[in-house]
Amino acid sequence: MALTGKTAVITGSAQGIGFAIAETMASQGAAVGIFDINEKKAEEAAQSLKNKGYQAVSGYVDVSKVDSLKAMIEKTVQAFGYLDILVNNAGVQKSTPIPEVTEAEWDMVMGINLKSVFFASQQALPYLKERKQPRIINISSLAGRMGGYETGMSYTASKGGVISLTYGLARQFAPYGITVNAVCPGTTRTPIIDQWSDEQIAGLVERIPLGKLGEPKNIGSAVAYLASDEAEFITGLLMDVNGGMYFG
């Protein structure tokens, strides 16, 4: 299988897109670390993969805290012996109107969506650079590409920042052979969507040329490709998975 012999850690992977990424990578042979702020759900997610015969470890992570990210990386390496792939997936979305955004909300979104990407990559670096085909894959968003439709400005700005970090890290980590890419999902059927009204969802679907929401597995497949050996000469890429909502 494409990822046999590789180890990956995925932040925010107890459910939704993160779990779909973990499941897809596990199905292709990778040993996966499932880490989430909801430790119980992370344990259940890992167990569901183990029940299928896949290799998985789980744990708690608060991605806004550097010490917690460090512990996540170390636990994964302790479990599997090495680290090949980091997927920075954890995120939170807010749709607060601009006049109502508070400083606390802004800082919280930035801590989870943007700060975490830099410091998880920093903490993973010593382990990744020891491997043959190391990968960092960041999950940005359509909103980070073009401003979004229903998303709040804190989310939009944070995901734009993820894109800039992807470019910068791709250049800085290239001497170590580490590729750094980003997947930019459009509107995808996840628990976040459950917070939106039927009218908001219908309005978004109308803007999608393919006429439907994305599925978490679509993102999982994109990440698995970028993690594979076949993607060895791709770095600094923004891969749009959005049904045609935006062409970069």
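This is a predicted model: local features need pLDDT of at least 70, side-chain atom pairs count only at pLDDT 80 or more; totals for chains, interfaces and linings use all residues.
Helix H1 spans residues 16-27, and helix H8 spans residues 216-227. The two pack at an angle of about 50 degrees. Their axes lie 8 Å apart. H1 and H8 are therefore oblique to each other. Their crossing is right-handed. On the H1 side, the contact is formed by Gly16, Ile17, Ala20, Ile21, Thr24 and Met25. These residues meet Pro216, Lys217, Ile219, Gly220, Ser221, Val223, Ala224 and Ala227 of H8. Sorted by class, the contact of H1 with H8 has nine nonpolar, four polar and one charged residues.

H1 also packs with helix H2, which covers residues 39-50. The axes of H1 and H2 come within 11 Å and cross at roughly 25 degrees. Angles under 35 degrees count as roughly parallel, so H1 is roughly parallel to H2. H1 passes H2 in a right-handed crossing. Phe19, Ala22, Glu23 and Ala26 make the contact from H1. Ala45, Ser48 and Leu49 make it from H2. By class, the contact of H1 with H2 has five nonpolar, one polar and one charged residues.

A further pair is formed by helix H3, residues 66-80, and helix H4, residues 103-128. H3 and H4 pack at an angle of about 40 degrees, and their axes are 9 Å apart. The crossing of H3 and H4 is right-handed. Val66, Leu69, Lys70, Ile73, Glu74 and Val77 are the H3 residues in contact. Their partners in H4 are Ser116, Phe119, Ala120, Gln123, Ala124 and Tyr127. This contact of H3 with H4 has eight nonpolar, two polar and two charged residues.

Attention now turns to empty space. Rolling a probe the size of a water molecule over the atoms shows where such space is left. The largest pocket holds about 890 Å³. Its lining comprises 42 residues. Asn89, Ala90, Gly91, Val92 and Ile192 lie nearest the pocket centre. H1, helix H5 (142-146) and helix H6 (153-173) are the elements that give two or more residues to this lining. H1 supplies the largest share, three residues. By class, the lining of the largest pocket has 19 nonpolar, 18 polar and five charged residues.

Helix H1 meets H8 through residues including Ile17 and Ile21. Helix H1 meets H2 through residues including Phe19 and Ala22. Helix H1 also contributes to the lining of the largest pocket.

Notes: Residues are numbered from 1 along each chain as its sequence is written. Side-chain values use heavy atoms; hydrogens and water are left out. Axes are lines fitted to C-alpha atoms, for helices over the stretch in contact, and angles run from 0 to 180 degrees between N-to-C directions. Helices (H or I, at least four residues) and strands (E, at least two) are DSSP runs, numbered from the N terminus. Angles under 35 degrees count as roughly parallel, over 145 as roughly antiparallel, 65 to 115 as roughly perpendicular and the rest as oblique. A crossing is left-handed if the near helix is turned anticlockwise from the far one by less than a right angle, and right-handed if clockwise. Contact means heavy atoms within 4.5 Å. Ala, Val, Leu, Ile, Met, Phe, Trp, Tyr, Cys and Pro count as nonpolar, Asp, Glu, Lys and Arg as charged, and the others, Gly among them, as polar. On a 1 Å grid over the protein atoms alone, a cavity is a set of points where a 1.4 Å probe fits but cannot get out, and a pocket is an open set with protein on both sides within 12 Å along at least five of seven lines; lining residues have an atom within 4 Å of a point. Grid points are joined across faces, edges and corners, and a volume is the space filled by probe spheres set on the points.
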